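Reader: I'd like to learn how to read a protein model feature by feature. Can you walk me through this one?

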Amino acid sequence: MKDYLKEIFAGIVILAVLIAVVITSNVKSNLEDATSYDCNYHSINIFRTVIDIKSQDKDYATIEGEHVKVFVLDPLVMKKDDEVVGKAGDKYDFITQDSHTISLNDSLYIQMSGDIKVFGEQYNIYDSNGKYIGKADFNAFGTNGTFEDKNGNVIAEYNSGLFRKDYTVTIKNDTNINEDAILLMFASYASDFAFDND
């Protein structure tokens, strides 16, 4: 009788996990007047981050690690047609999430400063002059995140499925923050999350 109950319990757990995976894999952004980017995180490449980005089924950019992952650091490079258009630095923080500098065309554009959050991850976002411009907030499962401006308006959203590394970024068309910088920001988070959970 005990073995029978164990099998039923195991079946219920497996079914619950499968339902959670299906539900979280089909989450779409509610942002209107926005552009979506499908980000294919190469899961089989364990030594180097590689993310292919498409928009409206067309190749948009590739984000990859500058070199093989070293300890906890994973600086990223964004390329379009093999030309480097942006970079994301990586600075290890012992207590908070890593901090990142996002540069476009070799000029500092924004800074992501890891913040303390009990469940999930949070970053404060600053412009190149160190002025606070918003925050990026992610849930504990790595399935949803938002980038809000300093007034609390959502300007970009991150969605992924449970136990998946691929994700979608949706960016409002009327934002004055460069979309490449936002994509690098979310890629930096995805790299951090993958490292923390691998």
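Predicted model: local features only at pLDDT ≥ 70, side-chain atom pairs only at ≥ 80, totals over all residues.

Reader: What does the accessible surface of the chain come to?

Author: Accessible areas come from the Shrake-Rupley method with a 1.4 Å probe, and for residues only the protein chains shown count as cover. Here the surface of the chain comes to about 11,500 Å², and 54% of that belongs to carbon and sulfur atoms. Residues are numbered from 1 along each chain as its sequence is written, and side-chain values use heavy atoms, with hydrogens and water left out.

Reader: Which elements does the chain have, and in what order do they run?

Author: Helices (H or I, at least four residues) and strands (E, at least two) are DSSP runs, numbered from the N terminus. This chain has 2 helices and 12 strands, and from the N terminus on they run α-β-β-β-β-β-β-β-β-β-β-β-β-α.

Reader: How do I read strand pairing, say for β4 and β5?

Author: Two strands pair if DSSP finds at least two bridges between them. Strand β4 (residues 76-80) and strand β5 (residues 83-88) run antiparallel, joined by 5 bridges. Across from methionine 78 you'll find glycine 86 in β5. The two strands form a hairpin with 2 residues between them, and aspartate 81 in the turn has a positive phi of about 50°. β5 also pairs with strand β6 (residues 100-104), again in the antiparallel sense, over 3 bridges; there, lysine 87 has serine 103 in β6 as its bridge partner.

Reader: And aromatic pairs: what describes them?

Author: Two things: the distance of the ring centres and the angle of the planes. Rings of Phe, Tyr and Trp (its six-membered ring) pair if their centres lie within 6.5 Å; planes under 30 degrees apart count as stacked, over 60 as edge-to-face and the rest as tilted. By this rule the count comes to 10 aromatic pairs. Take tyrosine 37 and tyrosine 60: their centres are 5.1 Å apart and their planes sit at 65°, so the pair is edge-to-face. Tyrosine 37 lies in strand β1 (residues 34-41) and tyrosine 60 in strand β3 (residues 58-65), so the pair ties together parts 23 residues apart in sequence.

Reader: Is phenylalanine 138 with tyrosine 189 stacked or edge-to-face?

Author: Stacked, at 3.6 Å centre to centre and 5° between the planes. This pair links distant parts of the chain, with phenylalanine 138 in strand β9 (residues 132-138) and tyrosine 189 in helix α2 (residues 179-197), 51 residues apart. On burial, the cut-offs are under 20% relative accessible area for buried, over 50% for exposed and in between for partly exposed (1.4 Å probe, protein chains only). Phenylalanine 138 is buried at 2%, and tyrosine 189 is buried at 0%. Ring pairs also link Tyr123, Phe138, Tyr158, Tyr167, Phe186, Tyr189 and Phe193 into a cluster.

Reader: Which residues have the most contacts inside the largest nonpolar core?

Author: A nonpolar core is a set of buried Ala, Val, Leu, Ile, Met, Phe, Trp, Tyr and Cys residues joined through side-chain atoms within 4.5 Å. The largest one has 39 residues, and Ile125, Phe147, Tyr167 and Phe186 have the most contacts inside it. Its largest share, 11 residues, comes from α2.
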